[in-house]
Amino acid sequence: MEKKTLKKILCSGTALVLAGALCGCSIKFGVNKEPKLDAVVAKATNGENYEEMKITYEDFRKEYKYYLVNSKIEDDKAEDVAATCKQQRTKIINYLINEQVYLQKAKEMGLYELTEEEQKEVDEDVESKIAQQIKYYGEQAEQELIKQSESNTESASASDSSGDTSAESNDTSGEQTSETESVPSMTDEEKEQKGSEMLDSMLSQCGMTRDDLHWWAQSSKIYEKLKAKLGENVSYEDAEEKFKEYQAQAEKLYNSDVDTYQQQYMDQVWLPEGSRLIKHVLLGFDSETQSEIKNLRNDGEDEKADKLRAEKAEELKSKQEEVEKKIDDGEDISKLITEYSADATGSMMYPDGYTVIPNSNQYMEEFQEAAFVPQKIGERTSCVTDYGVHIMVYVGDAKVSEETLKAYTDKIYELLQQNEYAEKMSEWTKEYDFDIDYDALRIDAPTDESSVSSGEESTDNSSEESN
């Protein structure tokens with residue numbers, strides 16, 4: 001039987017539908033009666049133009065049903081999902097409140113209307129994502145067709161096998177037909193048509209149309225514009241200053257607790273003077289020897305462990321001399337690592353060499369001490385640990401690269417901009433003092449004002465959370 005291979009399409013991004021072909025799925029909201037669609041479930045009570053800032057149950061319901069449908073939740077009061085659904089309802093109303101706030105402020109600051117170029121970006125983004133959704137659904141439709149065909153074939157075979165033997169022996173033409181029959185497939189046009197129907201069916205379940213997907217993208221663009229505008233209050237110099245403070249904290253922690261300093265990866269932002277890059281060829285002991293040494297250590301038999309280690313190291317003497325001669329003759333140690341080292345895989349993760357800092361406990365004591373024996377870059381030394389013989393070369397001074405410094409500073413700059421936005425959103429949300437119908441939304445009233453989120457997370461459209 002000839003079978004066509006199908007490629008499963010996986011998509012991501014704003015408002016992508018990835019939960020599967022859910023058309024026809026019925027959503028239940030527990031035993032609660034839903035409010036009317038035009039019922040106001042949240043509204044501003046103070047501030048300029050506060051009368052315009054209202055959220056209807058229909059606004060909330062679109063977001064919530066989109067989450068339920070794409071999470072394959074049919075009953076939001078089922079024991080295994082009830083708590084998660086309540087949390088999601090809280091997130092959605094918080095998002096919708098924040099959306100009301102940032103849209104209002106965008107209007108006041110002249111950021112609400114999109115430029116022709118910005119509108120084009122939104123339109124193209126939405127068209128692209130809708131096309132991806134349609135393609136995904138179309139592929140699913142074809143897979144369902146193939147599964148159904150295979151199921152029918154199996155059923156027919158089972159039915160034939162239960163018939164009389166004379167029919168089986170005489171009807172050879174039927175067998176030949178089934179062997180050469182191809183698994184049905186769909187044309188690209190058919191898949192696109194079916195995928196489009198399935199997408200619209202899913203949206204219909206949520207009380208939505210494609211216009212809602214377009215609005216989500218447009219609202220997100222307005223949010224990005226407002227966030228960028230507020231971010232202008234933060235300078236890159238502020239980020240550089242913050243990074244210097246972070247480096248000072250790293251230095252202080254290194255001097256007081258070097259283990260914690262390394263555990264918290266502070267060595268990625270600041271390194272003490274004298275830090276080195278070390279490359280090594282490990283002539284490793286066999287696993288049986290390593291286990292025996294480890295067991296002796298665990299039993300407190302350090303002298304026996306050291307004696308065994310020394311004996312095994314002596315057996316590797318000729319191989320050690322061979323490698324050391326090649327290094328002395330100018331052969332690249334990276335090539336020798338590949339050829340000889342039992343730690344070749346680990347060394348590949350650190351192509352510039354292992355960073356060894358003074359006073360560190362990260363490596364075995366013998367390795368740590370040997371790393372600082374060479375006086376000049378390029379010199380070599382060796383040591384023996386419980387893992388084998390290490391032939392080590394001091395290849396350079398370890399420093400935090402300029403690329404790394406900039407990457408951290410850029411991240412701090414981004415976080416400072418986000419904090420600026422979050423602080424403003426918190427201030428504005430308090431200004432409008434939203435009244436929420438907690439009973440209608442089936443969520444718990446907050447214990448304090450901070451329960452209404454105004455940070456970065458709450459500005460993400462709930463359509464993204466459902467994917």
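Me: In this predicted model, are helix 2 and helix 16 roughly parallel or roughly perpendicular to each other?
Reply: Helix 2 (residues 82-108) and helix 16 (residues 402-432) pack at an angle of about 100 degrees. Angles of 65 to 115 degrees count as roughly perpendicular. The two helices are therefore roughly perpendicular.

Me: How far apart are the axes of helix 2 and helix 16?
Reply: Two packed helices are described by the angle between their axes and the distance between the axes. For helix 2 and helix 16, the distance between the axes is 10 Å.

Me: How many residues of the contact of helix 2 with helix 16 are nonpolar?
Reply: Helix 2 contributes residues including Ile 97 and Val 101, while helix 16 contributes, among others, Met 425 and Trp 428. The contact also holds 3 polar and 3 charged residues. The number of nonpolar residues is 7.

Me: Which strands stand at the edges of the open sheet?
Reply: The sheet has 3 strands in the order 2-1-7, with antiparallel pairing.

Me: What is the bridge partner of Lys 43 in strand 2?
Reply: Strand 1 (residues 40-43) is joined to strand 2 by 3 bridges, and the two run antiparallel. In strand 2, the partner of Lys 43 is Lys 54.

Me: Which strands does helix 1 touch?
Reply: Helix 1 (residues 57-70) packs on the sheet, and its direction makes about 60 degrees with that of strand 2. The strands touched by helix 1 are strand 1 and strand 2.

Conventions
Residues numbered from 1 in each chain as written. Predicted model: local features only at pLDDT ≥ 70, side-chain atom pairs only at ≥ 80, totals over all residues. Heavy atoms only, no water. Pairing = 2+ DSSP bridges. Helix = DSSP H or I, 4+ residues; strand = E, 2+ residues; numbered from the N terminus. Contact = heavy atoms within 4.5 Å. Axes fitted to C-alpha atoms, helices over the stretch in contact; angles between N-to-C directions. Parallel < 35°, antiparallel > 145°, perpendicular 65-115°, else oblique. Nonpolar A, V, L, I, M, F, W, Y, C, P; charged D, E, K, R; others polar.
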